[in-house]
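Walk through this structure with the model open beside you.

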Amino acid sequence: MSLLSVRDLTVKFAMRDETVTALNGISFDLAKGERLGIVGESGAGKSITGFALMNLISRPGFVDRGEILFHDEDVVKMSDARLRELRGDKMAMIFQDPMVTLNPVLTIGQQMLETLMAHRKLSREEARQIAIVKLREVYIPSPEERLNQYPHELSGGMRQRIIIAIALLLDPELIIADEPTTALDVTIQADIMELLLELCQSNKVGLILITHDLGVVSQMTERTLVMYAGRIIEAGRTREIINDPQHPYTQGLINALPQQTLPGQKLRQIPGNMPSLTNIPPGCPFNPRCEYATDLCRTTLPEIIQYGEVRVACHEVERLHAEGARQEQDA
Amino acid sequence: MFAYLVKRVFQAIAVMFVISLIAFAIQGNLGDPLRELVGQSVSEEVRQQLRDDLGLNDSFITQYLRFAGNALQGDLGTSYFFKEPALDVIMKKLPATLELVLGATVIIIGLSIPLGVYTAIKPDAIVSRIIMGISIVGISIPVFLTAILMIFVFSVEYGWFPSFGRGDVVHVWGYWETNFATADGWMHIILPSIALASIMLPLFVRLIRAEMMEVLQSEYVKYAVAKGIKPWRIYFVHALKNTLLPVITVGGVQIGTMVAYTILTETVFQWPGMGFMFLEAVNRVDTPLIVAYLIVVGFIFVVTNTIVDLIYGLVNPTVNLARMGA
């Protein structure tokens, strides 16, 4: 049974003179304890997906249609009171930039205890003990002292650990992590990811990891969604997608990884930019940047179809596959 | 903390020095003090003699040093009209003005926070639009006009409130007589306080609203929502504290400015405070009193700002007073 089931999720933004579609018919499932990566360039709709799952889209954005079933209960239709119960308790979120996520005028202790006491009937002392245990789990030294400190007294890496500890406070079933290491030093990024993976595995917590880093996705997740211009264009098991990408965009992303290039060689990149949401080209949104694009691609939007082990939205997937196989034979 | 205090005190002294210099420079240019002191019949030789005796023929710097030396000992000259030390005259009037400012400050703090927070939380509500509309009107109408209108409506037409004076005051300590001890005193201070608050209140409502709306867009507020925190706690614990930090800084300056606005309010309501006294002193060309008023008001300004800065440091955890000034 799936923990989370998203069907045809569509999010729009009401702008001054037009309505822009930021997410277009997103569907996917997440099993209990499963780890899912969502990848794509900036503006693909990854973060909006993450926020929508907790019904955190605020004006001028709104969920236009679709449903988000968490334990068979639709998050989109939930009352504010029910949403409050869910948020931070069964579903927790880790934000992108730890430097601005914690409230600067409240102590770490206040921000941890308020979360616990918003969801459980606990005395301050009981809540404090739980907070200390969770801080130990994320390897924060002398947690008792940290509780009395303000965020500005701690480093970025330390703050993100605390945010992970807050996410784990109430033993959630799902953690949504929105680029949790983008704002951190490269040296700390790996530590934080390793910690997150370790804690999710040991506590059997489901994880939705939003990132643009395919390397991270391959290490951290079991399944992957690739997004482009508000749509899912390829979805499947992470191993299949990394080793045998079907969509030309996914192939481009993987070829653009520095590891795919020899030292001294020029880095490969996908030409052009992701279209802005107000100006999505007709047909396949990727067609202006795609070297395989045909007339069909320029006029008709490809449906997402099952192709082998993965689901992919590309008209030319058969031809590409055949060409790929031929090239491998030649080599 | 101590180093910071010392630094602030030095700044305050520097500011007071500049204020005293300006006040003293004005003194030399406000007519001939001899005309105020002696009658028409005194001959020119006697006038010269008096000028020499009073030191009016000395150089500017000598005169200023004498003035500053006396000022440091609490002697700001003698009022020509009252024939009393100018500082004593002001000290007798000071409590009336401070109580008026206190009344206005209580109104401003009591109303601006709930109104500012409400209009920020519900920017599209009809009530919010009405509040914002009234605030524009409030900022636009000068204090003396508000005061006259209020007297016309509430004193003349309805007769609810007295239109002038302090009413029954009760002696507290030294020169201090308070309005807040009798019902009559309360009735007398209400209209002037509202009139004085009428300019600052809309300003603060708009300031708090703007700051609050910005804070509500911040990541930490979104994060608090994502943690399942109740709205009232997000508004009043997470957002309000961050909203008030910049408001405190502006507020300190505005309390000082309000002392200046008392000139208008006190004149309209015949309030026996130092603002009213100042206007009378200008009419009488009572130069020592004018200079003493400027210095006392400057002093109040400097003191309130220093206190506000200290409070800011105590409220904002990212400011470390112990390390500042080091």
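**Strands, backbone and helices**

Strand S3 (residues 35–39) and strand S8 (residues 206–211) of chain A run parallel and pair over five bridges. Here two strands count as paired if DSSP finds at least two bridges between them. Helices (H or I, at least four residues) and strands (E, at least two) are DSSP runs, numbered from the N terminus. Gly37(A) has Leu209(A) as its bridge partner in S8(A).

This is a predicted model: local features need pLDDT of at least 70, side-chain atom pairs count only at pLDDT 80 or more, and totals for chains, interfaces and linings use all residues. Residues are numbered from 1 along each chain as its sequence is written, while chains are lettered from A and ligands numbered from 1 in the order in which they are written.

Now widen the view. S3(A) and S8(A) belong to an open sheet of eight strands in chain A, with the order S6-S7-S8-S3-S9-S10-S12-S11. The pairing is mixed. Strands S6 (91–94) and S11 (305–307) of chain A stand at the edges. Each has a single partner strand, so one side of each has no neighbour in the sheet. From one strand to the next, the twist averages 20°. The angles run from 0 to 180 degrees between N-to-C directions, with axes as lines fitted to C-alpha atoms, for helices over the stretch in contact. Strands of a sheet pair through backbone hydrogen bonds, either parallel or antiparallel.

Next, look at an antiparallel pair. Strand S1 (residues 2–14) and strand S4 (residues 61–70) of chain A pair in this sense over eight bridges. Thr10(A) stands opposite Arg65(A) in S4(A). S4(A) also pairs with strand S5 (residues 73–74) of chain A, antiparallel, through two bridges. Leu69(A) has Asp74(A) as its bridge partner in S5(A). The hairpin of S4(A) and S5(A) has two residues between the strands. In this hairpin, His71(A) takes a positive phi near 55°.

Most residues other than glycine have a negative phi, and most peptide bonds are trans. Which residues of chain A depart from that? Asp8(A) is not a glycine, yet its phi is positive, about 55°. Asp8(A) is found in strand S1 of chain A. Asp8(A) is exposed, with 12 other C-beta atoms within 10 Å. Ala229(A), also not a glycine, has a positive phi of about 50°. Ala229(A) sits in the loop between strand S9 (223–228) and strand S10 (231–237) of chain A. Ala229(A) is buried, with 23 other C-beta atoms within 10 Å. The cut-offs: a residue is buried if 20 or more other C-beta atoms lie within 10 Å of its own, exposed if 12 or fewer, and partly exposed in between, with C-beta atoms placed from the backbone. The peptide bond from Arg59(A) to Pro60(A) is cis, with omega near 5°. Pro60(A) lies in the loop between helix H1 (46–53) and S4 of chain A.

Turn to chain B. It has twelve helices and two strands. Along the sequence, the pattern is α-α-α-α-α-α-α-β-β-α-α-α-α-α. The C-alpha atoms of chain B fill a box of roughly 85 × 60 × 35 Å, taken along the principal axes. Chain B has 326 residues, and 34% of them are buried. An automatic or database domain assignment supplies the domain bounds. Chain B is divided into domain 1 (2–72) and domain 2 (92–284). Their centres, taken over C-alpha atoms, are 36 Å apart.

Follow one helix of chain B. Helix H7 (residues 143–157) has 15 residues and reaches 20 Å from its first C-alpha to its last. That is close to the expected 21 Å, where the expected span is 1.5 Å times one less than the number of residues. The buried residues of H7(B) are Val143(B), Thr146(B), Ala147(B), Met150(B) and Ile151(B). What covers them includes helix H8 (183–216) and helix H10 (231–268) of chain B. After H7(B) comes Gly159(B), with a positive phi near 65°.

Finally, where do the chains meet? 17 residues of chain B are in contact with 23 residues of chain A. Contact requires C-beta atoms, placed from the backbone, to lie within 7 Å. Helix H9 (219–226) and H10 of chain B are the elements that give two or more residues to the side of chain B that touches chain A. H9(B) gives the most, with six residues.

Terms used. Contact = placed C-beta atoms within 7 Å.
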